[in-house]
Amino acid sequence: MARHFLELLAREASAVEFEGPIIQARAAGADPAAIEELERAKVEALKVRDLLKRRARREAELSALYDTAGDLAALRDLDAVLEAIVHRARQLLATDVAYMTLHDPERGDTYMRVTDGSISAKFRALRLAMGAGLGGLVAQTATPYSTADYFADARFRHKEHIDEAVKEEGLVAILGVPLRLGQRVIGVLMAANRSARPFHQEEVSLLASLAAHAAVAIDNARLLQETRNALEELSHAHRTARAHGEAVERAAMAHDRMTSLVLRGGGIEDVAAVVTDVLGGSLAVLDDLGRVISGDAGELAGLDAGVFEAAQASRALGRTVRKGDLLIASADVGGEPLCTLVLRSDDADERILERAALVCALLLLFRRSVAEAEGRVRGELLDDLISRPDSPGLADRARRLGVDLGAPHVVVVAKHEGQRERAAFWASSQAAMRHGLAAGRGDEVVLLLPGENAGVMAQRVAAELTASLHGTATAGASGVGGQGGQVVQDVAAAYQEARRCAEALIALGRAGGGASAAELGFVGLLVGDGRDVRGFVDRVLGEVIDYDARRGTALAGTLETYFGTGGSPSRTAEAMHIHVNTVTQRLDRIGKLLGDGWLEPERALEIQLALRLHRLGHTSGTKTVGPNTI
């Protein structure tokens, strides 16, 4: 029967299987002496089994230490080496979790460096003060400690946040050994189980051996990194010195090219061409309003608010600022921005971009001086059109400035809050670009621009001037017709109407907007010189009137009676001698025709006024109210 025990040893059977031969012998009726002999053989076989297991475990430990030494010899990545050590500690000690903490000299505590088997985020982020918890005690005393039941062990200080993290991880038994470099403890290597268990001396020794390897790995990595840093610093210093010399020489050559271009009468486009020729990539030159004056903004995706913030930083610092893959250089004069260069290029020679920004700023400053002189001429002409429309030669003066007063124009009055010079310059630039006129008059700017849609133009001027001033601008507009010299005679009246529109917007609490009399509803009837009553009635009530005309219904009359009875369907039905359901159906139809919100106070007031004007038009013999036929 001893042969059976050898077979069990050969296939590494579990301890309980060694009872099998004895049980079989008893079942076969073997005598007590044979049973006793089998018992002795079983005991010896189990001793051999334990010896084989210890040797296998020792071989595994030695193999792990050998592998760790190999990792150190081929050290490339410190993190990978430390993770391998912690993982091997967990495997060899057969624990649920293994982890390593390192000393933080700045904060005077230890922090989690590597974990294996951890499931708690709080535990992985844990920091241990010296002497706190089992790990803190090991770090403080430089002595291994183990506990079979962490929460019942009073040998170390329990801290609430540490105990909470340990409880969340579910740890019970913990072993910790110090990571030592000479006499200095740099961290702790720990193995832990989620159930109570003792740690044997050979396990402590194994973990201490792994900790020694980890300490060597950390120190080797430090020395290697210091050597690499020193070499890199020397190499970097050499490259920097060589690159600096080359950059200074190249910047000087680029500056000479740009200076030569300016002296020969070149413009911003020529300067931009030099920059892209030297640095490559895509370049956009923006003016003080953020408009592209050279280059293609479409090639420079990302021209958002962040770019303009970077431009402000560039002016404040006096150097190029990087945002993502863009380089931004901005120049100003007396604190007022003049231009911004935005470059996307692999060549980051900031000196060339900064010199180009200065050259472009000088060119723009020259352009501004010329524009201001031309703006004064345009402003004087517009002042004469408003104040002295009978002065001779106004049309000829306009023609010499490229302004055709024979075409339809729009007078826009934009009221602003301060910054008169900036507002006047903006208006002058707009007038020059659009072949119009502009003038600054106190807290407002006046523009005479070609076009016919006064409302749209007022909204555009209000929005763009607000953005330029970084403050509220409100614009009113009025159109002037273009038959021969008619514009000359109409500008003064259109100016007054546009001004009243701007003032009405402010009074109505709509500062920052833009509108003509047509967009102001019934208020437009009061401020507009034309008083387009028919147009007002059509805009407010046209859908209802047209429906009545097509279907032969009485929706307009029902609506007027409804308002006249204080908004009561029942009293409306009684006054019109119809059923209240009929009134309700008509009101539903009216609501669909007029749209949502038709009973809001301001809208209802416009509707009632339109109803009154419509009724007056039908009861008047000539169907007129004031100057307009309805």
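R239 is partly exposed, at 34% relative accessibility, where buried means under 20% relative accessible area, exposed over 50% and partly exposed in between (1.4 Å probe, protein chains only). The model is predicted: local features need pLDDT of at least 70, side-chain atom pairs count only at pLDDT 80 or more, and totals for chains, interfaces and linings use all residues. Residues are numbered from 1 along each chain as its sequence is written, and side-chain values use heavy atoms, with hydrogens and water left out.

**Salt bridges**

- The structure holds 12 salt bridges, each defined as a side-chain nitrogen of Lys or Arg within 4 Å of a carboxyl oxygen of Asp or Glu.
- Side chains of opposite charge can pair when their charged atoms come close.
- R239 forms one of these contacts with E232, the closest N and O atoms being 2.9 Å apart.
- E232 is likewise partly exposed, at 42% relative accessibility.
- A salt bridge also joins the side chains of E169 and R194 (2.6 Å, N to O).
- Because E169 lies in helix α7 (residues 160-169) and R194 in the loop between β6 (184-193) and α8 (201-263), the pair ties together parts that are 25 residues apart in sequence.
- Helices (H or I, at least four residues) and strands (E, at least two) are DSSP runs, numbered from the N terminus.
- E169 is buried at 1% relative accessibility, whereas R194 is partly exposed at 29%.

- The side chains of R127 and D104 meet in a salt bridge (2.7 Å, N to O).
- D104 belongs to strand β1 (residues 97-104) and R127 to strand β3 (residues 127-129), so this contact ties together parts that are 23 residues apart in sequence.
- D104 is buried, with a relative accessible area of 14%, while R127 is partly exposed at 24%.
- D109 joins D104 and R127 in a network of salt bridges.

**The five-stranded sheet**

- Five strands form an open, antiparallel sheet in the order β8-β7-β11-β10-β9; two strands pair if DSSP finds at least two bridges between them.
- At the edges stand β8 (292-294) and β9 (321-323), each of which pairs on one side only.
- Neighbouring strands of this sheet are turned by 30° against each other on average, direction ignored; axes are lines fitted to C-alpha atoms, for helices over the stretch in contact, and angles run from 0 to 180 degrees between N-to-C directions.
- Within the sheet, β10 (residues 326-333) and β11 (residues 336-344) run antiparallel and are joined by eight bridges.
- A329 stands opposite L341 in β11.
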